[in-house]
Structure formats: C-alpha cells, structure tokens
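Colleague: I have a structure open and would like to go through parts of it. Can you take some questions?
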Amino acid sequence: MKKYFILVCVFAFCLSSVIAMDATVLSVKGKAEVQTLGKWVPLAIGNKLQQGSVIQTGFKSELILKIKNTTVTVSPLSRITLEQLVSKSSSDDTKIFLDAGSLKSNVKRTEDRRVGFTVRSPVATASVRGTVLNVKNLYKSTQVTCSEGKVAVWKSKNVKANISEDVEDSSESSFDKPQPGMCFVTKGQSSEIKKRGSIAPKNNAHKNSSSIKNIRTDIENKISKGSLKVEIVIPQEVELLPK
C-alpha cells in the first residue's frame, strides 16, 4: 500500500511539472482563421491558441504567432496544426505540422532552459536549436532553409498531424538521438526532401542569382552605351526564306 502511494505521488508530480503553453497572435494581415467546433473563426491580435489548434491563412495573407520567445510567421495559403505546446521544468517543446504552404520560425535560446522546436510536413521533419528556419511544402517534396544556427532534417513517418498526450522532448530526440537518414542543414544551406531519394544539404542559390544579376546589369550598360556588339551566325544548312 505504501509503495502504491509513493507511485501515485511520483506520477502526480510528473504531471504537475508539465505545463501547457499558448501561442499568441502578434499580427494578422488579410485572412487568418482557426478551426473551432468544425467552423473556421477569424483570428485577431491577442488571441490565445492551444495545442491541437488548426490554423489556415488566405490569399495574400500572413499570420505571426509568438510561443514563449519564439516567433512563427505563417505565409499565405498555408495550413498548420499546433501538435505540441508544453513547458517542463528544464525545457520548452513546440511541434508544428505544416500541412500546406510555408512558414518561417525564429527560435530564441534561453540560458537556463532547452528549447525544442520541430516542424513536420507530410514528407520531412526539421528540428532546430536556436535558429532561423524556413520550411516550404512543394509538390511531393519539402524545402528546408536555414538562415541561422543548425537544423536536423529527416523524412517524416506520419503524413498527417498527430496530436498526442505523450510529451516528447524534441530538443533531445533529433540532435542527441539521430534519426535514420538524417542530415544537418547549417547557415546559408537548404535541403529539398522528396518522398524518394536521399537527403543532402546544398548551398543557397542567392550567390548564383546575384552573379546573374551582375551579368545582366553589365549587358544593359553596354547596350545603353552602344559598346555591345552582337554577331549572328547562320549555319550553312539553313536556307533563308525569301521576303
């Protein structure tokens, strides 16, 4: 009887140490809604959202949420589910399912707590520690881009949102316990994860695009100054049609 009482006390203590977090609406542009009792209800600044909330944005719309010190920007035509929002004695854990569209998160570290933040799509899962992260759903693939910090990326097992009462520590599951086929995406890199094939990070294309822009500017300058000579060569096999 005494052992049973001790077990009950320990179980009650564990439950009391897990506290539900809220996601607060910081900004709404255009149309942003949350599903409540089967209906879509417009969101407004200051609204509190709990674990399990399903949120969507409309055309040319944007929603910014704040979860503790982390901000999440939901892009137009996106749908997300807040899978997990829990705070424990030494860590805060957030899990978001990105069903459609894209989002950007700015995850802030705290000195005395571990912050676990995971974004999951039907194709890929990305977990971060103190990072600026972009996740975008594409056709049969998901693109993960890291602006700051480090992101662990691996293929998702479930293709739908999973609201579970079991509390998992996402700050440990990805970095300390690597997943099969996982890779790391660091600052300035991106990775496109497809349903089939391996995962590998690559450098962002902004450097290539900037060099192309410079070439275009140089050509335009030469055209304006009349210093660009263009030579058109017609192969001998091609016969010109008479006018």
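Modeller: What follows is a short talk through a few strands, loops and side chains of this predicted model.

Colleague: Let's start with glutamate 33. Which strand is it in?

Modeller: Glutamate 33 belongs to strand S3, residues 32-36.

Colleague: Is glutamate 33 buried or exposed?

Modeller: Glutamate 33 is buried, and it has no salt bridge. The nearest side chain of opposite charge is lysine 31, 4.0 Å away.

Colleague: Then what is glutamate 33 in contact with, leaving aside neighbours within four places in sequence?

Modeller: On that basis, glutamate 33 is in contact with Trp40, Val41, Pro42, Leu43, Val54, Ile55 and Gln56.

Colleague: New topic: S14. How many bridges join it to S16, and in which sense do they pair?

Modeller: Strand S14 (residues 141-155) and strand S16 (residues 189-194) pair in the antiparallel sense, over six bridges. Within that pairing, threonine 145 is opposite serine 190.

Colleague: And how many bridges join S14 to S15?

Modeller: Four bridges link S14 to S15 (residues 183-186), and these strands also run antiparallel. Alanine 152 stands opposite phenylalanine 184 in S15.

Colleague: What lies over the face of phenylalanine 184?

Modeller: Lysine 150 does, at 4.3 Å from the ring centre. Lysine 150 is itself in strand S14.

Colleague: How far apart are the C-alpha atoms of lysine 150 and valine 128?

Modeller: They are separated by 6.2 Å, although the two residues are 22 apart along the chain.

Colleague: Back to rings. How many aromatic pairs does a search of the whole structure find?

Modeller: That search finds zero.

Colleague: What about S12: why is it largely enclosed by the rest of the structure?

Modeller: Strand S12 covers residues 114-120, and six of its seven residues are buried, so it is largely enclosed. Seven bridges join S12 to strand S10 (residues 91-100), and the two run parallel. One of the partners there is glycine 116 in S12, which bridges to aspartate 93.

Colleague: Last one, the loops. Where is lysine 68, and what is its phi?

Modeller: Lysine 68 is in the loop between strands S7 and S8. Its phi is near 55 degrees, a positive value in a residue other than glycine.

Colleague: And lysine 140: what is its phi?

Modeller: Phi of lysine 140 is near 60 degrees, again positive in a residue other than glycine. Lysine 140 sits in the loop between S13 and S14, and it counts as partly exposed at 48% relative accessibility.

Definitions and conventions. Residues numbered from 1 in each chain as written. Predicted model: local features only at pLDDT ≥ 70, side-chain atom pairs only at ≥ 80, totals over all residues. Heavy atoms only, no water. Buried < 20%, exposed > 50% of the residue type's maximum accessible area, 1.4 Å probe, protein only. Lys, Arg positive; Asp, Glu negative; His and termini not counted. Contact = heavy atoms within 4.5 Å. Pairing = 2+ DSSP bridges. Phe/Tyr/Trp six-rings, centres within 6.5 Å; stacked < 30°, edge-to-face > 60°. Lys NZ or Arg CZ within 6 Å of the ring centre and 35° of its normal.
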